Amino acid sequence: MKYKYKAKCSQCGQRFFAQTRSELLRKLRKHLWGKHSDWMKRRIQAGKKKALKKTNVSPDALKRILSPSWVGFAEKGTIEKLTGRPYEEVKGKLTDAFVQLILGSIGK
Ligand SMILES: [Zn+2]
């Protein structure tokens, strides 16, 4: 069976395969939160700092990046706890950071 999408965990090197991008992201998300939750929390903190500095992200770019498969990428409670900001407000900026991180390791 040939998988269309594959990715490698940047933290432990585990490989993931899926027929759809959303399935691949779901697997990665589950793995990252399950095995590397400390690292994910650090990524969120780093993404928060980066988002605060980077204020020139165009709304169109965010719209293209955001898709239903990305909703809930990071857990709402975690985001609100770490950032102290409303989830909806932070979600777009965080998603941007995560997309760049994850897509960098996705091959076709
Ligand atoms: Zn891993």
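Mentor: Helices (H or I, at least four residues) and strands (E, at least two) are here DSSP runs, numbered from the N terminus. The model is a predicted one, in which local features need pLDDT of at least 70, side-chain atom pairs count only at pLDDT 80 or more, and totals for chains, interfaces and linings use all residues. Residues are numbered from 1 along each chain as its sequence is written.

The protein chain has 5 helices and 3 strands, and their order along the sequence is β-β-α-α-α-α-α-β. A residue is buried if 20 or more other C-beta atoms, placed from the backbone, lie within 10 Å of its own; 18% of the 108 residues of the protein chain count as buried.

A nonpolar core is a set of buried Ala, Val, Leu, Ile, Met, Phe, Trp, Tyr and Cys residues joined through C-beta atoms within 7 Å. The largest one comprises 8 residues, namely Ala7, Phe16, Leu24, Leu25, Leu28, Leu32, Met40 and Ile44. Helix H1 (21-35) and helix H2 (37-53) are the elements that give two or more residues to this core, and H1 gives the most, with 4 residues.

Two strands pair if DSSP finds at least two bridges between them. Strand S1 (residues 5-8) and strand S2 (residues 15-18) run antiparallel and are joined by 4 bridges. Tyr5 stands opposite Ala18 in S2. In the hairpin of S1 and S2, 6 residues lie between the strands, and Gly13 takes a positive phi near 85°.

How values were computed. A residue is buried if 20 or more other C-beta atoms lie within 10 Å of its own, exposed if 12 or fewer, and partly exposed in between; C-beta atoms are placed from the backbone.
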